Amino acid sequence: MATKLSFKRMDSVAESMPDALRQSRYQMKRCFQRYVSKGRRLLKNQQLMEELEKSLDDKVEKEKLVEGFLGYIICSTQEAVVLPPFVAFAVRMNPGIWEYVKVHSDDLSVEGITPSEYLKFKETLYDEKWAKDDNSLEIDFGALDLSTPHLTLPSSIGNGMQFVSKFMSSKLSDKPESMKPLLDYLLALNYRGEKLMVNETIDTVNKLQTALLLAEVFVSGLPKYTPYLKFEQRFQEWGLEKGWGDTAERCKETLNFLSEVLQAPDPINMEKFFSRVPTIFNIVVFSIHGYFGQEKVLGLPDTGGQVVYILDQVRSMEEELLQRIKQQGLNITPKILVDASTKILDILEGKPDLIIGNYTDGNLVASLMSSKLGVTQGTIAHALEKTKYEDSDVKWRELDQKYHFSCQFTADMIAMNTTDFIITSTYQEIAGSKEKPGQYEQHYAFTMPGLCRYATGINVFDPKFNIAAPGADQSVYFPFTQKQKRLTGLHPQIEELLYSKDDTDEHIGYLADRSKPIIFSMARLDKVKNITGLVEWYGQNKKVRDLVNLVVVAGLLNASQSSDREEIEEINKMHNLIDKYQLKGQIRWIKAQTDRVRNGELYRYIADTKGAFVQPALYEAFGLTVIEAMNCGLPTFATNQGGPAEIIVDGVSGFHINPMNGREASTKIADFFQKCKEDPSYWNKVSTAALQRIYECYTWKIYATKVLNMGSMYGFWRTLNKEERVAKQRYLQMFYNLQFRNLDDDQPTRAEAADERTEWLQMNHDCVAKRNVGGLNRSVDTRV
């Protein structure tokens with residue numbers, strides 16, 4: 001196919017396309033006549049390719065054209081706007097790289113156009129008057145980032161912190177005086193007025209280098225475990241304050257990292273040094289979706305992963321903060337506030353050092369607060385609604401009463417452009433794949449006709465993008481081989497859950513042959529999670545049915561108990577599939593389980609049967625259950641659409657399956673169990689590789705280390721481009737005041753919520769529940 005061809009970044013579609021059109025002029029005129037024959041319309045990629053193939057009669061000619069350069073361009077076009085006689089193409093040759101061209105269907109002339117011009121073409125299909133109005137609101141955030149360096153390679157997207165480190169190394173080594181910003185940054189370090197690392201006696205870079213040399217020589221002569229208190233006075237004589245480390249060895253390492261940075265800045269020592277700088281003690285985490293902080297809500301739509309993520313996120317940062325502060329030689333108790341309210345400044349006894357937002361509303365509040373207080377900000381979208389509903393931007397009016405997309409997309413744009421860094425779980429979340437744009441990438445240039453046109457929304461080559469994948473709570477999800485930790489007291493419950501013969505309110509179906517391994521899946525019962533798809537694959541594949549039993553934990557068992565239309569459809573479909581394929585005796589369907597501790601032991605119990613976990617979703621942004629299963633040592637088959645494709649190394653630490661090809665997926669599962677039957681060591685090999693993959697890449701410890709390093713590194717980065725930051729901040733503040741607040745007033749339900757968020761910002765909240773967990777003060781707003 002055309003996708004096999006390569007296309008150099010330096011080539012321009014607008015420059016290369018005319019020659020290619022001339023070489024196949026007759027065929028392409030027929031093709032473009034088909035494009036315009038039905039008048040104004042928006043064509044998606046599949047439609048474009050279908051029309052191209054229908055316009056070609058000769059099989060050889062068709063293959064030649066489709067495999068050639070023109071086929072490659074059309075195959076790389078995400079959509080095209082047809083306004084006869086023109087067809088405007090949005091071409092995406094590689095992740096993050098877009099070009100826009102319009103072609104005249106009569107003479108096949110080609111002209112490159114800007115994103116704004118393309119969007120106006122598109123708007124004409126939905127609101128022609130607004131599209132032609134010169135006073136229509138157009139936002140171009142990219143125009144305010146002209147001096148900000150950007151990544152250039154698609155493969156580098158998501159490596160923002162490494163890029164920032166390289167750029168800062170280069171900038172600090174330009175001239176002798178270029179180190180002054182770093183010295184100023186160090187001189188400003190303090191905790192509640194108490195100086196950290198250096199004091200005012202070190203007022204030049206030369207003095208700092210001399211002090212570092214003297215201190216490093218001194219601590220090199222001490223036993224490596226000598227406590228800092230033993231030589232604190234000597235350090236102060238040289239202008240150095242506490243914060244370098246808790247022992248002589250730790251201080252020596254930190255002194256050396258800074259000395260190397262001052263002598264010849266390099267990215268590695270830059271990152272090492274900033275990971276040691278005592279800058280973060282107090283963190284505010286916003287996660288304002290309606291169910292957080294409430295009891296008995298797990299299992300309601302979109303609550304399970306959300307609540308678990310936030311709690312595990314906070315716990316991991318707490319543990320990392322406590323360890324860092326101890327190793328810095330400081331006696332400070334850090335605080336993490338979750339969904340904090342009015343009394344933030346009172347509770348923290350000062351400003352927070354880092355603000356992290358979660359989800360659209362949490363990110364907006366985080367943006368407003370970080371701007372107000374001048375604090376480093378990180379955001380985590382988790383899932384962006386714009387990408388869930390096709391054409392939800394241009395059709396926003398039709399959906400706004402139900403989903404409030406006008407407010408939501410505006411809030412997303414404000415947060416993305418305000419924040420210092422963006423945390424994502426996978427590369428695909430940012431920039432998708434070769435074939436499909438990522439969630440953030442789909443916010444590059446888009447329009448909401450009648451409301452706002454984003455000529456540049458967010459650029460995925462911006463160095464603010466970083467990948468920090470979450471893990472699973474390893475106190476709950478641990479390997480099945482750790483016999484001494486196994487929760488054997490739960491085994492009678494799990495035994496009943498899996499193997500009892502009677503149908504109950506909690507489970508239906510039964511497993512007649514207990515000697516078979518179990519393939520297991522656990523997810524919400526909706527179309528995207530595709531649990532019914534897995535049941536159908538199983539029912540259709542005799543070999544799989546002969547080799548293994550199927551257990552699914554999903555949703556409710558009785559449609560009359562659900563109020564969700566989609567879940568009701570899936571419940572009915574499950575019952576129909578069980579009857580259609582006569583699965584009684586081979587399947588156990590268990591209703592949704594919210595006891596994490598028992599679920600962890602359930603994974604391990606399945607592993608005891610030498611079974612496997614299957615995650616069949618049509619698309620999965622990350623795949624928390626994949627991480628949980630692999631943590632327990634359970635071989636895992638997971639969708640190749642989304643995050644699991646990055647989590648699993650196919651054929652090594654698990655297996656990718658194509659959710660659009662059930663026959664292929666079930667055959668892959670059958671082949672695995674057949675191989676395990678012939679060679680039992682193969683199951684252990686995959687299980688061990690899954691655990692190794694987790695320990696190397698997907699733990700909360702790794703996550704917390706990355707996020708806190710980002711907070712420190714971007715905290716310094718924001719001091720280097722103050723003028724541009726201030727200009728953009730003013731632009732964003734104006735956009736918020738003139739656009740978002742007006743939208744909010746138009747939607748009463750949203751207005752009430754926004755008023756509450758504004759109250760938080762003004763610090764007038766009274767409704768806060770405080771909990772003390774693990775020694776850190778976490779505040780949780782318990783209101784709906």
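How many bridges pair β2 and strand β3, and in which sense? Select residues 77-83 and 86-94 to find out: β2 and β3 pair in the antiparallel sense over 6 bridges. Strands here are DSSP runs (E, at least two residues; helices are H or I, at least four), numbered from the N terminus, and two strands pair if DSSP finds at least two bridges between them.

Before moving on, note that this is a predicted model, where local features need pLDDT of at least 70, side-chain atom pairs count only at pLDDT 80 or more, and totals for chains, interfaces and linings use all residues. Residues are numbered from 1 along each chain as its sequence is written, and side-chain values use heavy atoms, with hydrogens and water left out.

Stay with β2. A hairpin through 2 residues links β2 to β3, and Thr-77 has Val-91 of β3 as its bridge partner. In β2, 7 of its 7 residues are buried (under 20% relative accessible area; exposed is over 50%, partly exposed in between; 1.4 Å probe, protein chains only).

Next, select Gln-313 in helix α14, residues 304-327. Gln-313 is buried, at a relative accessible area of 0%.

Finally, jump to Met-660, in the loop between β23 (655-657) and α27 (662-678). Met-660 is exposed, with a relative accessible area of 64%.
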